[in-house]
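Let's walk through this structure together, from its overall form to a few individual residues. Keep the viewer open as you read.

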Amino acid sequence: LAVISGQCAKWEIIVLIYVSAIIQFLIQLIYFLRLNVQTKQGEYNVIALVFTMVILTSIIAGSLWIMWNLNYYMEH
């Protein structure tokens, strides 16, 4: 409704969309993937999620670093 009516500023709509996406992501992690630390299996799931995030972050950061360096050295 906020997007269709056009009553909000562009940056407010973008913030609203990102906040909604983050809330949806957290709800899906907790309720649908049963991500909790009350059981042993839940602890393993949390550790696996953190490990996955570390690996993805290092792959993305490394790729961006490599692309930036290639672009820099191709121009100089």
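The paragraphs below begin with the chain as a whole and then turn to particular helices and side chains.

What you see is a predicted model, in which local features need pLDDT of at least 70 and side-chain atom pairs count only at pLDDT 80 or more, while totals for chains, interfaces and linings use all residues. Residues are numbered from 1 along each chain as its sequence is written, and side-chain values use heavy atoms, with hydrogens and water left out.

Start with the fold. The chain holds 3 helices and 0 strands, where helices (H or I, at least four residues) and strands (E, at least two) are DSSP runs numbered from the N terminus. In sequence order the pattern reads α-α-α. The radius of gyration is 19 Å, well over the 11 Å that the globule rule gives for 76 residues, so the chain is more spread out than a compact globule. That radius is taken over C-alpha atoms, and the globule rule is 2.2 Å times the number of residues to the power 0.38. Along its principal axes, the C-alpha trace spans about 55 × 45 × 10 Å.

The surface comes next. Of the 76 residues, 7% count as buried. Here buried means under 20% relative accessible area, exposed over 50%, and partly exposed in between (1.4 Å probe, protein chains only).

Now look at helix α2, which covers residues 10–32. Its 23 residues should span 33 Å at 1.5 Å a residue, and the end C-alpha atoms are 32 Å apart, which agrees; the expected span is 1.5 Å times one less than the number of residues. Within this helix sits I13, which counts as buried because its relative accessibility is 15%. From I13 to N45 is 32 residues in sequence and 34 Å in space, C-alpha to C-alpha.

Just after α2, R34 takes a positive phi of about 50 degrees, although R34 is not a glycine. Most residues other than glycine have a negative phi. R34 belongs to the loop between α2 and α3 (40–75), and its relative accessibility of 61% makes it exposed.

K40 and E43 both lie in α3, 3 residues apart, about one turn of the helix. Their side chains meet in a salt bridge at 3.7 Å, N to O, the term meaning a side-chain nitrogen of Lys or Arg within 4 Å of a carboxyl oxygen of Asp or Glu. A search of the whole structure finds 1 such bridge. K40 is exposed at 51% relative accessible area, whereas E43 is partly exposed at 32%.

Further along, which residues form one aromatic cluster? They are W68, Y72 and Y73. The structure holds 2 aromatic pairs: rings of Phe, Tyr and Trp (its six-membered ring) pair if their centres lie within 6.5 Å, with planes under 30 degrees apart counted as stacked, over 60 as edge-to-face and the rest as tilted. W68 and Y72 have ring centres 5.4 Å apart and planes at 10 degrees, so this pair is stacked. Both residues lie in α3, 4 residues apart. Y72 and Y73 pair edge-to-face, 5.2 Å centre to centre with 80 degrees between the planes. W68 is exposed at 52% relative accessibility, Y72 is partly exposed at 35%, and Y73 is exposed at 58%.
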